[in-house]
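Please read them beside the coordinates.

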Amino acid sequence: MSIARLHGRSPLQGLVRCRKLARSFSSAEWSQYAYSTPLFRKTRREELAEKWDNLGFSIRPMNGHVRYTYADGNWDSGVFVPAPYQLMHINAGALHYGVSVFEGMKAFACKDGKIRLLNPELNAQRMQKGADALLMPQVPTDMFINGVMEAIRRNREFVPPYGNNASLYVRPLLFASGQMLGLAPLASEYTFFVTVLPAGGYFGKGSEVGVKALVSNNHDRAAPKGLGAVKAAGNYAADIAPVHSAHAEGYNTTLYLDAKERKFIEEFSVCNFVGITKDGRYVTPKSDTILQSTTNIMLQQLARDRGMIVEERPIDFEKEIGNLKEVGMCGTAAVVVKVNSITHGETTLTFDDFDVISSLRSELTAIQCGEVEDKHGWMKEVCDVVNDSIPEVFPVQPRSFAPDMVTAEAKGQVQRMGSQAMHGLERLLLEHVVANAEPGNPDSVLAAMDAFWNKTFQAQGAEKWNVRGLKIEEAVREKVQAKEGKNTPVRCLEMGTYCGYSALRIARNLPEGGKLLSVEKDELFAAIATKIIEFAGLDDKVKIWMGTVHSEIANITTRLEQEPADFVLVDHSKERYVPDLKLLEECGVVTKDTAVVGDVEVYPGDERPPKVIEEEIGRFFADRAFGLATMV
Ligand SMILES: C[S@@+](CC[C@H](N)C(=O)[O-])C[C@H]1O[C@@H](n2cnc3c(N)ncnc32)[C@H](O)[C@@H]1O
């Protein structure tokens, strides 16, 4: 049996059954996955025009984030997700066991009109150390940097302009997104994502004004031989209560001493401790439970460049604190902030000077924005800044930003549709349509396609094939009727166009203004379908989009005008049904109101998808209240 008949025209072996799940979901249940784009509105650059100096440190919805998924021992090729959501199982390891590490980095608009990133290798290495400690997969340095750069490029209009002390704060995160019940076995899925937000605010200003710190006597940050040296989410959770009680007592931050002896300085709340001794040495604590700040590493280097003595060693609080003339707290967001005083019990020590640290800080920030030579090669160029005086034309986005990653396709886990041999048949189909159908008449084009396939396959399965088409059309018509008089267009999405047969059946039911976006990864099929649709005169309603849902998600949401789809036909490769539908849900394209019709038939001659895939599809559809057309 030729594989050709599996596509678009196939003898079906049973009845077509369209099942609407009767079960109704409460809005709370839906809220976990029925996102719709209107729930968040992306920030517009114009809204920030007056605010660059006062951005603060708050979350604003950006254009989207970059996400990679690790499953079956490999990372996928990465995707840009134009939404701030991640759909995951309620038993995800990150949620229950805190299997999560993150990073903080900054991108800057430089004097020469370029956006640059500060020292990403250091952050990649630190995340790798964290991954080791929590037995998560490594994020290779190249992938880390590619992901970070892509997230910045895609959000580059939110990089504050040069001359401003704000920057684009970049947050890469690695976590167990797969289920875990107990700590062994490990999660089957991990996610690495990179999200960004423009930030400035408190830390910028605080660095000049100075802060008051309180030695934390009732809390420890991390246990000896624990996870204090990695940027694990739990370390931050442990810091919340202490820092809030310090605030309540009128202090800006906490200072932790070592958990074992309560003698040696550890770090401030989420910031490293930096001191300048009365004789001009740069001192900073050394301990296995401190997270090493990348900013601290660079400040130390700048101090050494000036000939200063740098000592990274245990610092006995009682014995040495009085010998410091300057104290700063440093970290990516803060750079380095002046500490005016430290209170320990009844005693408060004050530090009036900040000249040495302040000048190191100025040198580092000058390197960051390209004002002084970057002798150590810390800055990595990302792209050009947005020029407000020139209308923005976004460059064509690369299809894949991690070309070396092992993709599901490369692993052979995605059904292979199409071969050299098939293209010959599809070419004949197009010739047949052009020769026999009436231009501008979709019904006659469909009739010609039916005739072609009937002839090729001696009419096997013709009737059942028609039933499938009718079911699809019925679901579309229901949606069209529901929208009648509502003045909003009917939006449809198809995954897997092949030669455009189902696209025609959908589109011929669409009223004026109705749209079908059909995604096809095979370029030749996409070209043939485009010609067939054009010949049928439905090209004003149908757009064939080349690529996969995964690679084209940002274009899909844009073409659907950030609105949910009314109808979705899932007819591409079974392995992609659930991941692609999940992504569409996260981006607000598929909601509880979308009619989703999935072809779950295994056609004769087709490779049966692995059982886990069939089960995954079954579970996914059973959990949702949208319609499913099942081929039985
Ligand atoms: C069963 S055919 C679609 C038939 C079509 N909907 C019809 O009824 O006329 C599946 C198509 O999906 C395409 N495809 C497979 N995987 C895909 C993916 N990940 N993204 C987009 N298209 C894909 C194949 O190239 C093939 O043309």
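Which residue in β17 does K212 stand opposite? K212 stands opposite S341. The points below start from that pairing and then move along the chain; the model is a predicted one.

1. Overall content. The chain has 632 residues, and 47% of them count as buried. Its secondary structure comes to 18 helices and 25 strands. Taking contacts between residues at least 6 apart in sequence, 76% join residues at least 24 apart.

2. Strand β10 and its partners. β10 covers residues 211–215 and pairs with β17 (residues 335–344) in the parallel sense, over four bridges. The K212 and S341 pair belongs to this part of the model. β10 is also joined to β11 (residues 253–257), again running parallel, by three bridges. On that side, V215 stands opposite L255.

3. V211. This residue is found in β10. V211 counts as buried because 23 other C-beta atoms lie within 10 Å, where the cut-off for buried is 20 or more. V211 and N252 are 41 residues apart in sequence, yet their C-alpha atoms are 5.8 Å apart in space.

4. The β17 and β18 hairpin. β17 also pairs with β18 (residues 347–350), here in the antiparallel sense and over four bridges. I342 stands opposite L349 in this pairing. Two residues lie between the strands of the hairpin, and G345 takes a positive phi near 60°.

5. The five-stranded sheet. An open sheet is formed by five strands in the order β22-β21-β20-β23-β24, with parallel pairing. Its edge strands are β22 (542–546) and β24 (595–598), each of which pairs on one side only. From one strand to the next the twist averages 15°. At the β24 end, β23 (residues 567–570) and β24 pair in the parallel sense over four bridges, and V597 is the bridge partner of L569.

6. Helix α16 on the sheet. α16 (residues 549–559) packs on this sheet and touches β20 (491–495), β21 (515–520) and β22. The direction of α16 makes about 165° with that of β21.

7. Helix α15. The 14 residues of α15 (residues 523–536) reach 20 Å from the first C-alpha to the last, close to the 20 Å expected at 1.5 Å a residue. Its buried residues include F525, I528, I532, I533 and F535, along with A526, A529, T530 and A536. Just after the helix, G537 takes a positive phi of about 80°.

8. The α17 and α18 contact. α17 (residues 574–586) and α18 (residues 611–623) pack at an angle of about 35°, and their axes are 9 Å apart. The crossing is left-handed. From α17 the contact uses K574, E575, Y577, V578 and L581, which meet I613, E616, I617 and F620 of α18. By class, these are six nonpolar and three charged residues, with no polar ones.

9. Backbone points to check by eye. The peptide bond from A184 to P185 is cis, with omega near 0°. P185 is found in the loop between β8 (167–176) and β9 (189–199).

10. N487 has a phi near 60°, a positive value in a residue other than glycine; its place is in the loop between α13 (462–483) and β20. Y498 is not a glycine either, and has a positive phi of about 50°; its place is in the loop between β20 and α14 (501–507).

11. Setting of those two residues. Are N487 and Y498 buried or exposed? N487 is exposed because 7 other C-beta atoms lie within 10 Å, and the cut-off for exposed is 12 or fewer. Y498 counts as buried, since 26 C-beta neighbours lie inside 10 Å, against a cut-off of 20 or more.

How values were computed:
Residues numbered from 1 in each chain as written. Predicted model: local features only at pLDDT ≥ 70, side-chain atom pairs only at ≥ 80, totals over all residues. Axes fitted to C-alpha atoms, helices over the stretch in contact; angles between N-to-C directions. Left-handed = near helix turned anticlockwise from the far one by under 90°. Contact = placed C-beta atoms within 7 Å. Nonpolar A, V, L, I, M, F, W, Y, C, P; charged D, E, K, R; others polar. Pairing = 2+ DSSP bridges. Expected span 1.5 Å × (residues − 1).
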